[in-house]
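Grab a pencil and work through these exercises one at a time. Try each task yourself before you read the solution.

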Amino acid sequence: MKQRFLPWLVPLSLLCLWQVSGNLGWLSTRVLPTPSAVLRAGYQLAMSGELAHHIGISSRRAAIGFAIGGLLGLLLGILTGSSRIAERLIDSTVQMLRTVPHLALIPLVILWLGVGESAKVFLVALGVMFPIYLNTHHGVRTVDPGLIEMGRVYGLQRWGLFRKILLPGALPSILVGVRYALGVMWLTLIVSETIAATSGIGYLAMNAREFMRTDVVVLSILLYALLGKLADGIARWLERLLLPWHPAHAAALPVESI
Amino acid sequence: MTRGVAIEAIGVHRRFGAHIVLNDLHLAAEPGQFVVIVGRSGGGKSTLLRLFAGLDQADQGAIKIGGDELTGLCSSARMMFQDGRLLPWLRVGENVGIGLANPDYERIREMLNHVGLADRIDDWPAKLSGGQKQRVALARALAAHPRLLLLDEPLGSLDALTRLDMQRLIESLWLRSGTTAVLVTHDVDEAVALADRVILLNQGTADREWTVNLPRPRDPANPVFSALTQTILSHVMEETQVADQVEPSSPDHDSIRFGSGGSVTVFPGRRYR
């Protein structure tokens, strides 16, 4: 019990310290509003429906961008991982594109697509594609050739080899890519929503800045953190769901079953 | 029940770069026979097995399975590898089903029963010991009633006791299935324990062979068994020098007889020509 409480001790004390120093006037609410003020702002926004509206829009952008970029990265990675010709043809091009920081494209993307939804979705998709591509490619490439050989002797054809050996063998690596890509996804969204948006969490923060609502700004930051944490939780859950055979996850099993 | 298939290697050459691995190799096995190939490391034993599986192609010569020349993969063959090669992401039962066109639960259960692991059907391979993994691999290899069973040092990484158990198991399942079996091994005791014929591979050719007629299951304490083991072992040890001096000569051969223990036929320096 004591052990479980220990990691929470430092953050909780910091939170208390923050609240107390705000209440005592040591910390100007202009600089940093107290936790209770942030909570209150959150409650008000939630009641007016604004909060759900902005979170919904941001999440939708994140999800669509991730789906498009992730799928593209996955397909390209599988293609170049399993075919030498495709690798020769595509891989160096993708590697070249990867060296361009996708956030540097923001001015260009705004010129092309304006400040609408498609610009944000495009940037998220672009940012997400590369880590998933790289990890999928690497995962497929490093599947034990002995297992592939075994599959051939045991009569597996192309599709069977892919479904039973290549894909599951590459999955741990792909999921590492997914986790990394989720981080990129939120970062891209924060930057692009902050620079140019008329809705979403980033817009909420920028709008609050104009009205000196520090509490809403802090709330927005916390919302991003929470959503990031949530996405990471989903990625971990996916790993447990999809890799129950993996030694890294076997540790989570009850001791007597090992 | 499926029976074994006749296999034949005719004048097979295989080289990797400048290194000649198989050099005009001739070898034939009758349906249902258990052939064991012994020889030093790098003598081309595994390469020969891969040729029969269709995983590799000969530079010259032909491989025939059931009288037909093999071109692609050999669909009637199943192979067991030294490192097991179970798929870690499939449960034991699914691993056994991997070679079945329609993985059917009854057959999988039956095979796991034969190797004594029916209760592990839903376990992950990572939870099995080395010997258990090879038993699953054996069940997998035999699940689809192969007409040719290729065993590439399947017991090489097991401890001595487990190896003896596995030999018994391989023997009994082979007898039950009637398949042709080709085993590659370093272990001469293992060869004599299992083989109908032991073939010594040296410098890329089938150099000598011994026919073993001892009753099964064989007892290593039997004097014929140990005498034959000694003979084969001494040939394995010295072959590297002797190989080119032995002529593929005399059609007559020595037959050693020891009381009622069975007989061993020795073909000195016989070549398949």
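**Exercise 1.** How many residues lie between S1(B) and S2(B) in their hairpin, and which residue in the turn has a positive phi?

*Solution.* A quick word on what you're looking at: this is a predicted model, where local features need pLDDT of at least 70, side-chain atom pairs count only at pLDDT 80 or more, and totals for chains, interfaces and linings use all residues. Residues are numbered from 1 along each chain as its sequence is written, while chains are lettered from A and ligands numbered from 1 in the order in which they are written.

- Step 1: find the strands, which are DSSP runs of E with at least two residues, just as helices are runs of H or I with at least four, numbered from the N terminus. Strand S1 covers residues 7–16 of chain B and strand S2 covers residues 19–29 of chain B.
- Step 2: check the pairing, which needs at least two DSSP bridges between two strands. S1(B) and S2(B) have seven bridges and run antiparallel. Arg15(B), for instance, has Ile20(B) in S2(B) as its bridge partner.
- Step 3: look at the turn. Two residues sit between the strands, and Gly17(B) has the positive phi, about 65°.

**Exercise 2.** Work out the strand order of the open sheet in chain B that has four strands.

*Solution.* 

- Step 1: the order is S2-S1-S4-S5, with antiparallel pairing.
- Step 2: the edges are S2 and S5 (68–69) of chain B, as each pairs on one side only.
- Step 3: S4 (residues 60–65) of chain B is joined to S5(B) by two bridges. Lys64(B) finds its bridge partner, Glu69(B), in S5(B).

**Exercise 3.** Is strand S7 of chain B largely enclosed or open, and why?

*Solution.* 

- Step 1: apply the cut-offs. A residue is buried if 20 or more other C-beta atoms, placed from the backbone, lie within 10 Å of its own, exposed if 12 or fewer, and partly exposed in between.
- Step 2: count. Five of the five residues of S7(B) (residues 148–152) are buried, so the strand is largely enclosed by the rest of the structure.
- Step 3: meet the neighbours. S6(B) pairs with S7(B) in parallel over four bridges, and Met80(B) stands opposite Leu151(B). S8 (residues 180–184) of chain B also runs parallel to S7(B), with five bridges, and Leu151(B) stands opposite Leu183(B) there.
- Step 4: follow the chain from S7(B) through helix H5 (residues 160–177) of chain B to S8(B); this β-α-β crossover is right-handed. That is, with the strands pointing away from you, the path from the first strand over the helix to the second runs clockwise.
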